[in-house]
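Please keep the sequence and the coordinates at hand while reading.

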Amino acid sequence: MRAVILGLSGLFLGISPSWATGAVEESLRPQSRPGAAFTPAVVLNDVPTQVLRPQMRPAGVEVFHVTANPEFDRWIAGFRGRALSQGISGQVFDRAFRGVRYDPDVVAKDRNQSEFKREIWDYLDNAVSPVRVENGQRALRRHRRTLDRIEAHYGVEKEVVAAVWGMESTYGERLGDLPLIGSMATLAYDGRRGAFFEKQLIAALKILQSGDVTPDRMKGSWAGAMGHTQFMPTSYEAYAVDFTGDGKRDVWSDDPTDALASTAAYLKRFGWRKGMPWGMEVQVPRGASFGSTSRMPSDWAARGVVGIDGRPVRDFGSARILQPAGPAGASFMVFANFDVIKRYNNADAYALGVGHLSDRIAGGPEIQASWPRGYDPLTFDQRKEMQRRLQRKGYAVEKIDGIVGPNTVAAIRAFQQSVGATPDGLPSQQLLALLKRS
Ligand SMILES: [Ca+2]
């Protein structure tokens, strides 16, 4: 799971949630996050070629992003003993590592992730673009029977499974095409998160040993996410299923059946409840702010929080109110299923993306509220300066960490109210200027 990579829990590579900054880690962007394929364009003999999969490289052409590294080769020799002691056969190991070399590009990607922040609306514009919605509806039509069977078997709505597919691989367009063993071995050797990737590597070898896939077909993103719905090897080992009945859990094939069923199995395993929405956009009373309190929708209705149609939300279960851009943007009531989606990728933005995309695939409306698109955000250092200044003025800011969570938003709003400014709770340049002036 991304989340595990950053030390959180979840199926895939983790992105720390950063809801109220309005900003989302760049790596969340479906096409650029670790789950997506790294596809360098290369020109050979003046003929533009598609991505050069290793097996397609013409003989004699130097592999451009893989470098000889004797120390890495020694590491492999040492790792071989550890793998064998964990039940991997020498034959499987040697076949898997044939031709594997250190890949500095993978390390560079690992170093560069999560530097950029995106605003939640930019993230959602991309995650739930008209094209992705339309392609999702088309994918749903094309795979309707399969998705119906999966829904009947696992109790996860087909639109939700399709939305995860759309987010993870653009409905199978971007499965990732780096040789998995090479990437995982490089990252395990590199050591920044060596123990994590060594575990992934062992899991990958176990998958090979089980016969689900051959080494040449075992491809993934640079970070090890594999197939249509981007399972990390350990998640695959634990949760992937064979739904076609051929005895192989094939998440790489053109036929997405096993991958989609594996996603449903995973969501089911973490408590997906059929018939309960992930969440929905709601109207909230002007000036209200929300922590992490959960209440039944009828209880929320009594406090003025109602559906976008103005009517109380049905009591599907207890829910909390999420305002990913603070009080100045859209508000959502989110249920237990929202947190199930977060097991896939532990970020509110991701779960909103999957949830909203699933609604749109099902023909639901766009988000009604507007986002504070015009606002001029603060850099990370400026956010810390803002927190320091708020704290110095006596507002309760829990930590000077540059992360704008509910406490900081509450402090911003209290300060804005005290000086007669609009209490939008936004960590903007205007706010910092105001803090410096007053
Ligand atoms: Ca199968």
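## The sheet around β11

In this predicted model, strand β9 (residues 320-322) and β11 are paired in the antiparallel sense over 3 bridges, and within that pairing R320 stands opposite V334 of β11. Strand β7 (residues 279-283) is also joined to β11, through 4 bridges and again antiparallel. In this second pairing the bridge partner of V282 in β11 is S331, while E281 stands opposite F332.

Taken as a whole, 4 strands form an open sheet with antiparallel pairing, in the order β8-β7-β11-β9. The edges are formed by β8 (306-307) and β9, each of which pairs on one side only. In a regular strand the side chains alternate between the two faces of the sheet.

## Where α6 meets α15

The axes of helix α6 (residues 130-142) and helix α15 (residues 348-361) come within 9 Å and cross at roughly 65°, and the crossing is right-handed. On the α6 side the contact is made by R132, V133, G136, Q137 and L140, and on the α15 side by L357, R360 and I361. By residue class, this contact of α6 with α15 divides into 4 nonpolar, 2 polar and 2 charged residues.

Leaving aside residues up to four places away in sequence, I341 touches L267, W272, W278, Y350, A351, V354 and G355. The C-alpha atoms of I341 and G271, which lie 70 residues apart along the chain, are separated by 9.7 Å.

## Helix α17

Helix α17 (residues 406-418) has 13 residues, and at 1.5 Å a residue these should span 18 Å; the end C-alpha atoms are 18 Å apart, which agrees with that expectation. The buried residues of α17 are T408, V409, A411, I412, R413, F415 and Q416, and what covers them includes β10 (324-327), α16 (380-392) and α18 (429-437). Just after α17, G420 takes a positive phi of about 75°.

Most residues other than glycine have a negative phi. Against that background, T170 has a positive phi of about 50° although it is not a glycine, and T170 is located in the loop between α8 (158-169) and β5 (178-179). At 16% relative accessibility T170 counts as buried, because the limit for that class is under 20%.

Which loop holds Q230? Q230 lies between β6 (219-220) and α11 (233-239), and its phi is near 55°, a positive value in a residue other than glycine. Q230 is buried as well, with a relative accessible area of 0%.

Terms used: Residues are numbered from 1 along each chain as its sequence is written. This is a predicted model: local features need pLDDT of at least 70, side-chain atom pairs count only at pLDDT 80 or more; totals for chains, interfaces and linings use all residues. Side-chain values use heavy atoms; hydrogens and water are left out. Helices (H or I, at least four residues) and strands (E, at least two) are DSSP runs, numbered from the N terminus. The expected span of a helix is 1.5 Å times one less than its number of residues. Buried means under 20% relative accessible area, exposed over 50%, partly exposed in between (1.4 Å probe, protein chains only). Contact means heavy atoms within 4.5 Å. Axes are lines fitted to C-alpha atoms, for helices over the stretch in contact, and angles run from 0 to 180 degrees between N-to-C directions. A crossing is left-handed if the near helix is turned anticlockwise from the far one by less than a right angle, and right-handed if clockwise. Ala, Val, Leu, Ile, Met, Phe, Trp, Tyr, Cys and Pro count as nonpolar, Asp, Glu, Lys and Arg as charged, and the others, Gly among them, as polar. Two strands pair if DSSP finds at least two bridges between them.
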